[in-house]
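Please look through the model shown here with its strands, helices and ring pairs in mind. The paragraphs after it take these topics in turn.

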Amino acid sequence: MKLQDLTKPWAAFNYGFLDESAKRELRRKMLKAIAIPGYQVPYASREVPMARGWGTGGLQVTLTLLKPDAVIKVIDQGADDSVNAVSIRKFFKKVGGVAETEDTQTATIVQSRHRIPEEKLREDQVLVLQVPDPEPLRAVQPDMSIARDMHGDADYGQLWLVLYEELVKSGRIMQGSSYPSLVNGRYVMSPSPIPRWDVKKLDNAHHLTFLSAGREKRIHAVPPYTKVEPLVFDDVPYRVEDHQDKTCYRSDVTGYFMNELPQEDGSARFEVSDSHFGVKHLKNKEGQNVDIGETWYKSGRMD
């Protein structure tokens, strides 16, 4: 027997890289996730040309949604020009022949790591969030079989206890990202490592959101116009990051989520986290005709 006898003849990749069997399975699980908002649906996570933990779940969902007329935007912690975002975007173009964009308004599919764009998404857009750990109960119940039973019983008392202990120790809830949120009044989910600023953007949003964890082989969804409530006590309001008075040093926009940039003299400058949103305002300052969509926040507050 020769080595070449053990190999298959060269063949072109299937459209969208994944084979049709994988796509069919993912579509069935995505439909189930939509039917049961917030419920973690297991799926057979396939191998893709990316290391586990770097967005393989989101990649598989987007590959399943690809079609030739799709327009793809990829965000990595708010930036469109990071190595990870650019590489994933180029991969989608290579395997699907889709158009690339950095503009939220023109995208049909937005895949993101750790951020939701500042501009509102429409009904004809889909948001795909990469999720490293989809299980909100992991910190209080490491045994996943027991955690599944707790979800089935809607037993989230231990999560409430963790929030209460933070209030007692620190005077406020310290959870900065992956804030546990109740979906459709039933299942508590971990909404990706998005900041608290972004969690409220999922509440009754016009768009469909998929949250996929390739390493953990779990997918859940927030359908359009679905209630998403961060877990808060009645007498302790939900607080987002205090960025209302922060101004981007490049684009001069105020009242949006900012990245803090430490300076050599010990001071700090702030830059709007949604990179292309800042680019739009820079172009607007230069006199260019730029379409800036409606935003979730105005002057640091939700409508």
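In this predicted model, strand 6 (residues 181-183) and strand 10 are paired in the antiparallel sense over three bridges. Within this pairing, leucine 182 has glutamate 229 of strand 10 as its bridge partner. The two strands belong to an open sheet of three strands, whose order is 7-6-10 and whose pairing is antiparallel. Its edges are formed by strand 7 (187-189) and strand 10, each of which pairs on one side only, and from one strand to the next the twist averages 35°.

In the loop between strand 7 and helix 6 lies serine 192, a residue that has a positive phi of about 65° although it is not a glycine. Serine 192 counts as buried because its relative accessibility is 1%, where the limit is under 20%. A positive phi value also occurs at glutamine 77, where it is near 55° and again the residue is other than glycine. Glutamine 77 is found in the loop between strand 2 and helix 3 (83-96), and with a relative accessible area of 42% it is partly exposed.

Helix 6 is the place of arginine 196, which counts as buried at 12% relative accessibility. Which residues is arginine 196 in contact with, leaving aside its neighbours within four places in sequence? The contacts of arginine 196 beyond those neighbours are Arg172, Ile173, Gln175, Gly176, Tyr179, Tyr238, Arg239, Val240 and Glu241.

The aromatic residues give another view of how parts of the chain are brought together. The structure holds eight aromatic pairs. In one of them, the rings of tryptophan 197 and tyrosine 297 have their centres 4.1 Å apart and their planes at 20°, and the pair is therefore stacked, as planes under 30 degrees apart count as such. This pair links distant parts of the chain, with tryptophan 197 in helix 6 (residues 196-199) and tyrosine 297 in strand 13 (residues 297-298), 100 residues apart. Both tryptophan 197 and tyrosine 297 are buried.

An edge-to-face arrangement is found for tyrosine 256 and phenylalanine 277, an aromatic pair with 4.8 Å centre to centre and 70° between the planes. Here too distant parts of the chain are linked: tyrosine 256 is in the loop between strand 10 (228-230) and strand 11 (258-262), whereas phenylalanine 277 is in helix 7 (residues 275-285), 21 residues apart. Tyrosine 256 counts as buried at 11% relative accessibility, and phenylalanine 277 is buried with a relative accessible area of 1%. Elsewhere, ring pairs link Phe17, Phe91 and Phe92 into a cluster, while lysine 246 lies over the face of phenylalanine 270, at 5.4 Å from the ring centre.

Strand 4 (residues 109-113) can be read from its burial and from its pairing. Is strand 4 enclosed by the rest of the structure or exposed? Five of its five residues are buried, so strand 4 is largely enclosed by the rest of the structure. In a regular strand, the side chains alternate between the two faces of the sheet. In strand 4, Ile109, Gln111 and Arg113 point one way and Val110 and Ser112 the other way, and all are buried. Strand 4 pairs in the parallel sense with strand 2 (residues 71-76) over five bridges, and four bridges join strand 4 to strand 5 (residues 126-130), which also runs parallel. Serine 112 takes part on both sides, standing opposite isoleucine 75 and opposite leucine 129 in strand 5.

Burial is also a feature of helix 2 (residues 56-65), which is mostly covered, with nine of its ten residues buried. Among these buried residues are Gln60, Val61, Leu63 and Thr64. Two packed helices are described by the angle between their axes and the distance between the axes. For helix 1 (residues 20-35) and helix 2, the angle is about 100° and the axes are 10 Å apart, and the two helices are therefore roughly perpendicular to each other. Where they meet, Lys23, Leu26, Arg27 and Met30 in helix 1 face Gln60, Val61, Leu63, Thr64 and Leu65 in helix 2.

Technical notes
Residues numbered from 1 in each chain as written. Predicted model: local features only at pLDDT ≥ 70, side-chain atom pairs only at ≥ 80, totals over all residues. Heavy atoms only, no water. Phe/Tyr/Trp six-rings, centres within 6.5 Å; stacked < 30°, edge-to-face > 60°. Buried < 20%, exposed > 50% of the residue type's maximum accessible area, 1.4 Å probe, protein only. Lys NZ or Arg CZ within 6 Å of the ring centre and 35° of its normal. Pairing = 2+ DSSP bridges. Axes fitted to C-alpha atoms, helices over the stretch in contact; angles between N-to-C directions. Contact = heavy atoms within 4.5 Å. Parallel < 35°, antiparallel > 145°, perpendicular 65-115°, else oblique.
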